[in-house]
Structure formats: structure tokens, C-alpha cells
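The sequence and the structure come first.

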Amino acid sequence: MIEQLIETWEISNRINLYLLDAIDEPWLQDITSSKGRNIEEQFAHIHNVRLMWIKEAAPKLSEQLDKLEKGISKKTIATSFKKSNESISTLIAESLVSGKIKGFKPHPVAFVGYLIAHEAHHRGQIMMCLKENKHLTSKSLSFALWQWGTR
């Protein structure tokens, strides 16, 4: 089960990277009509929440990770996501052995659910932003985000 839970987390991360790859660099500045974060800031927020949890639950895993600030490129986002993904995968593996995540209740499986739900929420906001700005590349992108068996 440990391998399957880590694989599930990693599929979700690959879907984030797939979405990022489909976005043209200038579109990172797109914002919705309701204001809030632009697309770049949405991706940075996802990474920074990962970093917050890693620092809380397993500080040694955060040593090679940096918080993302404004004005970042797709390449920086992708590199940061790959690094934080590795740390979260390690955190999941370690926490499933110990049975707990420091600072999170109730248990490690719920933690993985929480992370995936949080990131899926922001993927939805990014998709809405792309659509509002008429930058949705194709309908196939919307469907591709749900192809967990092939990502």
C-alpha cells in the first residue's frame, strides 16, 4: 500500500507538471475576473504549501527547497515541483511507517488526500483562469487532467 499511495501522489504531481507544460509563459500572468492570484502565483502557492508542511513535519527534507516568490519562470516552477515532490514522497513513506505526520491529524493517508485535494482545487482555478482569458489550449487538456492511468 505504501507504494500505491506514493504513486498516487506522484501521478497528481505529474498532472500539475502536464498542466504547467501546456501553458505558454506569458499566460502565467493571467488573472481571473474575481482577482486573486495569477497563474504563476497559483503554482507558487502549491509549492509553498508543500514546503510549509515539509518544514513542519520533516525539516531535514526541506534543506534543498526554496520558497517561490513572484516573477518566476515555468522552468523554475517545474524544477521546484520536482524537488518538493521528492520530499513529499519521502515524507509519505516515512510517515506511513511511523503512522503519523507531525502537525497533521488524523493520519498520513488523510494527509495525502488533503494535499491532492488542495492541489486539485488550484488546478481548477488555473483552468478557470485560462478559460476566462481565452487561453485554454484545447478541450483535450481538460480531459487529460483526469487521465490518471496514463500520467
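In this predicted model, helix α3 (residues 74-98) and helix α4 (residues 108-132) have axes that come within 9 Å and cross at roughly 155°. Because angles over 145 degrees count as roughly antiparallel, α3 and α4 are therefore roughly antiparallel to each other. On the α3 side the contact is made by I88, L91, I92, S95 and L96, and on the α4 side by P108, V109, F111, V112 and L115. Sorted by class, the residues in the contact of α3 with α4 are 9 nonpolar and 1 polar, with no charged residues.

**Nonpolar cores**

The largest nonpolar core has 23 residues. Within this core, L19, I23, I39, F43 and L130 are the residues with the most contacts. Two or more residues each are given to this core by α1 (2-22), α2 (39-57), α3 and α4. Helix α1 supplies the largest share, 5 residues.

Which residues does L130 touch, not counting those up to four places away in sequence? The partners of L130 are L19, I23, W27, D30, I39, H135 and L136.

**Aromatic pairs**

A search of the whole structure finds 6 aromatic pairs. A pair of aromatic rings is described by the distance of the centres and the angle of the planes. Two of the pairs are set out below.

| Pair | Distance of ring centres | Angle of planes | Geometry |
|---|---|---|---|
| W53 and Y114 | 5.8 Å | 80° | edge-to-face |
| F104 and F111 | 5.2 Å | 75° | edge-to-face |

W53 lies in helix α2 and Y114 in helix α4, so their pair ties together parts that are 61 residues apart in sequence. W53 is buried, with a relative accessible area of 11%, whereas Y114 is partly exposed at 32%. In the other pair, both F104 and F111 are buried. W53, F104, F111 and Y114 form one aromatic cluster.

**Single residues**

H47 has its place in helix α2. Is H47 buried or exposed? With a relative accessibility of 1%, H47 counts as buried, because the cut-off for buried is under 20%. Leaving out residues up to four places away in sequence, H47 touches D66, L68, S80, F81 and S84.

K55 is also in helix α2. Its relative accessibility is 47%, so K55 counts as partly exposed. From C-alpha to C-alpha, K55 and K102 are 10.0 Å apart in space, and they are 47 residues apart in sequence.

W27 is found in the loop between α1 and α2. The C-alpha atoms of W27 and N48 are 20 Å apart in space, with 21 residues as their separation in sequence.

Note on methods. Residues numbered from 1 in each chain as written. Predicted model: local features only at pLDDT ≥ 70, side-chain atom pairs only at ≥ 80, totals over all residues. Heavy atoms only, no water. Axes fitted to C-alpha atoms, helices over the stretch in contact; angles between N-to-C directions. Helix = DSSP H or I, 4+ residues; strand = E, 2+ residues; numbered from the N terminus. Parallel < 35°, antiparallel > 145°, perpendicular 65-115°, else oblique. Contact = heavy atoms within 4.5 Å. Nonpolar A, V, L, I, M, F, W, Y, C, P; charged D, E, K, R; others polar. Core = buried A, V, L, I, M, F, W, Y, C linked by side-chain atoms within 4.5 Å. Buried < 20%, exposed > 50% of the residue type's maximum accessible area, 1.4 Å probe, protein only. Phe/Tyr/Trp six-rings, centres within 6.5 Å; stacked < 30°, edge-to-face > 60°.
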